Amino acid sequence: GYTDVQFQPFTYGGKRTNNIIATKRGSTKPNEIIVVGAHMDSISQASSTNAPGCIDNGSGTGAVLAVARAMANVTSARTIQY
């Protein structure tokens, strides 16, 4: 339900990928921005058996998506970026 979505490209380990930023504009203080973010940064040489950050990264990313979904139809004074 978010219409202001941007892809922020970057390259890591020779592989090109994107951060995804969804913005919900604030109603009365749009220049004040609240950032709700998470990161996916765990790597492993044997990722199918040993990815030490998968629980942290997965739960953080899932939490951002859950908050974005819950706030989709809520008016906020400040701008929120997910």
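Me: Is Glu32 buried, exposed or partly exposed?
Reply: This is a predicted model, where local features need pLDDT of at least 70, side-chain atom pairs count only at pLDDT 80 or more, and totals for chains, interfaces and linings use all residues. Residues are numbered from 1 along each chain as its sequence is written, and side-chain values use heavy atoms, without hydrogens and water. Buried means under 20% relative accessible area, exposed over 50%, and partly exposed in between (1.4 Å probe, protein chains only). Glu32 has 39% relative accessibility, so Glu32 counts as partly exposed.

Me: Which side chain does Glu32 meet in a salt bridge?
Reply: A salt bridge needs a side-chain nitrogen of Lys or Arg within 4 Å of a carboxyl oxygen of Asp or Glu. The structure holds one. At 2.7 Å, N to O, the partner of Glu32 is Arg78.

Me: How many residues apart are Arg78 and Glu32?
Reply: Strands are DSSP runs (E, at least two residues), numbered from the N terminus. Arg78 sits in strand β4 and Glu32 in strand β3 (residues 29-35). The pair links distant parts of the chain, with a separation of 46 residues.

Me: Are the rings of Tyr2 and Tyr82 stacked or edge-to-face?
Reply: Rings of Phe, Tyr and Trp (its six-membered ring) pair if their centres lie within 6.5 Å; planes under 30 degrees apart count as stacked, over 60 as edge-to-face and the rest as tilted. The Tyr2 and Tyr82 centres are 5.5 Å apart. Their planes are at 65 degrees, so the pair is edge-to-face.

Conventions
Helix = DSSP H or I, 4+ residues; strand = E, 2+ residues; numbered from the N terminus.
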